[in-house]
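My entries are below, in the order I looked.

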Amino acid sequence: VVLGELEPLFVLCHGMLQLAQLLVSGYLKSSISTIERRYGFSSQKSGILASFNEVGNIVLIVFVSFFGSRVHRPRFIGGGALLVSLAALIMAMSHFISGPYKYTDHISESKDDDSGLCQLESSFQSPLSNHSCTQQESHSQQGVFPLLLLGQLLLGIGGVPIQPFGISYIDDYASKRNSPLYLGILLAVTSIGPAFGFMMGSFMLRFYVDIDKMSKGLERRDPRWVGAWWLGFLVAASFLFLTSLPYLFFPRQMPKEETGSDATEPREEEEKKPLPDPVLELTLTQFLKSFPRIALRTLRNPIYLLVVLAQVHLAAMVAGLATFMAKFIERQFTQTASFSNMMIGGVSIPLAVLGIVLGGALMRRLSISTRGSALMCTAAILMCMLTALPLLLLGCSTQSVTGNGSLGCSAGCSCPTETFNPVCGSDGVEFISPCHAGCMTKVQDNNTIKVLNYTNCVCINGSHALPGTCGSNCEHLLLPFMVLSALTCFIASFSQTPSYMMILRTVRTEDKSFAVGVQYMLFRMLAFLPAPVLYGIAIDTTCILWGKKCGRNTSCHYYNMDLFRQRFLGLQVLFVCGAFICFLLSLLILRHRAGQQGQQVEQRYTVVNGVKSPDNNTASKELQRMPA
């Protein structure tokens with residue numbers, strides 16, 4: 001490969017690297033409900049885990065603008081990619097230090113084993129003792145969450161230089177004609193990367209977590225099922241390692257790419273020299289001192305502030321939905337984690353990407369001005385509100401569940417308090433275990449250890465119960481829910497391109513790089529970091545039965561599904577309304593400014609014989625410069 005051909009090669013390598021990086025973040029969100037079930041995390045704890053990568057990112061993102069042109073950017077990108085690869089390995093390591101997955105009422109190899117059934121004898125074997133619980137906690141469970149947080153922290157730190165350094169490196173050395181194409185390819189990869197993560201999660205979660213062992217009769221629809229969440233991190237770590245190696249061989253500087261159109265540029269365009277980057281003339285101390293001042297000056301721009309706040313509302317909505325939407329589909333519509341991730345990665349995210357592309361194409365086709373961009377954003381978010389509100393009504397209440405307390409019919413069964421092996425009675429009532437249903441016997445398959453049903457159940461009038469949950473009986477509403485949800489994503493994404501253009505057109509030219517940096521910093525501080533935790537707290541408040549292990553709460557077994565739906569999707573509607581208010585205010589300010597400019601031009605008209613005629617030297621030129 002000759003030097004003149006390095007730019008396309010760099011774009012190819014960087015596209016693959018960004019795909020691998022976003023594969024990790026998308027895969028984590030697709031596996032968050034599985035990790036929550038495996039280690040007994042609350043939704044709040046899962047939200048902290050999902051957003052912890054932003055901690056390392058926020059701390060270091062400020063320095064990207066300063067070190068951008070002072071360092072060997074390809075090597076920094078490669079080093080960051082290796083760190084992200086290490087982070088993915090650390091997260092997968094949590095599986096190997098925690099031992100085999102043991103769920104309550106684990107089915108024994110023996111067909112004659114009656115554990116989990118109603119046994120009236122007082123010699124019923126109790127679950128793990130306090131001593132074994134303490135030992136198990138100290139050796140496996142306690143170290144998992146800090147290890148996952150460490151992986152997320154390194155993931156955020158390693159991801160800091162990848163996109164900013166890569167985009168600036170391409171923009172510096174690509175030709176004017178090819179630069180938009182290269183950047184468009186990278187932005188497209190950035191959009192579809194999380195979709196690949198969710199699709200990989202859909203595939204990996206089909207396998208049992210202990211892939212070398214049988215699930216012993218446990219099916220994917222069982223609420224105790226845990227898929228092989230760790231396997232995707234190993235695949236992503238290998239992909240990241242391979243895509244990081246080429247960056248060690250790219251030069252610090254490349255020859256400027258030239259095309260035929262560049263050679264035929266007018267001479268006056270060739271003689272124009274790019275303005276020096278003011279950041280390069282500052283020391284690190286001067287940069288750190290000037291950053292707050294320039295940031296405050298940028299934030300005083302009302303249009304910039306309102307548009308960024310609108311984007312923050314939308315980013316918070318996306319961060320929360322991406323983390324917990326799969327869990328919501330699992331619980332509300334009784335679907336597997338694999339299917340839920342496939343719906344997000346295969347339907348919602350591609351439609352959002354299509355909306356972004358069509359929004360940009362519409363702006364280019366119609367040559368939309370700044371005020372037109374504000375109108376387009378306001379209209380898109382208003383339509384988004386209209387499609388989001390009906391989602392609050394698409395759902396069902398929690399199925400009838402019994403066993404959360406002492407039942408007279410099974411009081412003599414000596415049921416363990418920490419057991420969770422849901423069964424569905426023939427009367428449609430769900431019990432948290434066969435023991436709580438008062439079932440005395442079970443029928444198993446002759447060739448396998450799979451339980452077919454439980455019989456002689458005292459609490460079901462001596463009838464039988466089937467293993468597994470009764471479900472929410474809400475599967476028929478899944479299709480309209482996904483249609484409206486995907487339509488909401490599609491419409492909301494129309495606002496992304498015009499909102500970015502509003503930011504670039506309303507700040508000073510010398511402040512554009514700072515404005516974009518402040519924008520992304522606010523995204524992380526106000527949206528990506530707190531939003532998953534906020535959604536997690538809202539979800540936890542709807543729990544009606546927490547799991548128990550060693551006397552401590554674990555993940556939630558049952559939610560009040562009406563409250564779950566209202567609070568989870570209510571936050572979505574709240575964030576959309578906030579974005580609509582911000583975009584509407586920016587539109588009103590732009591219209592007010594246009595009216596003031598029109599009045600100023602009107603005042604410069606000269607009145608000749610009682611008839612107004614424009615002064616060709618001033619008013620007509622100003623009229624031509626006024627925004628449409």
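The notes cover confidence, cores, the sheet and one asparagine.

**Ground rules.** I am working with a predicted model, where local features need pLDDT of at least 70, side-chain atom pairs count only at pLDDT 80 or more, and totals for chains, interfaces and linings use all residues. Residues are numbered from 1 along each chain as its sequence is written, and side-chain values use heavy atoms, with hydrogens and water left out.

**Confidence.** I looked up pLDDT first (the predictor's confidence in each residue, from 0 to 100). The chain average is 79, and 77% of the residues score at least 70. I then went through the elements; helices (H or I, at least four residues) and strands (E, at least two) are DSSP runs, numbered from the N terminus. Helix 20 (residues 531-540) has the highest mean, 93, among the elements of the chain, and helix 12 (residues 267-271) has the lowest, 43. Residues 122-131 have pLDDT below 50, with eight contacts in the model beyond near neighbours in sequence. Residues 623-628 also stay under 50, and the model gives them 10 contacts beyond four places in sequence.

**Cores.** I took a nonpolar core as a set of buried Ala, Val, Leu, Ile, Met, Phe, Trp, Tyr and Cys residues joined through side-chain atoms within 4.5 Å. Buried means under 20% relative accessible area, exposed over 50%, partly exposed in between (1.4 Å probe, protein chains only). The largest core has 81 residues; Met-325, Phe-328 and Phe-568 are among those with the most contacts inside it. Helix 14 (residues 302-333) gives the most to this core, 18 residues. Another core lies apart from it, with 60 residues, including Leu-49 and Ala-337. Back in the largest core, I listed the neighbours of Phe-328. Beyond four places in sequence, Phe-328 touches Phe-333, Phe-481, Phe-564, Arg-565, Phe-568 and Leu-569.

**Sheet.** Two strands pair if DSSP finds at least two bridges between them. I traced six strands in an open, mixed sheet, in the order 1-3-2-6-5-4. Strand 1 (401-402) and strand 4 (439-444) are the edges, each pairing on one side only. Strand 1 runs parallel to strand 3 (residues 430-431), over two bridges. Val-401 has Glu-430 as its bridge partner in strand 3.

**Asn-57.** Is Asn-57 buried or exposed? Asn-57 counts as buried because its relative accessibility is 7%. I place Asn-57 in helix 3 (residues 53-61). Beyond four places in sequence, Asn-57 contacts Gly-156, Val-160 and Arg-524. Its C-alpha is 9.8 Å from that of Met-525, 468 residues apart along the chain.

Conventions
Contact means heavy atoms within 4.5 Å.
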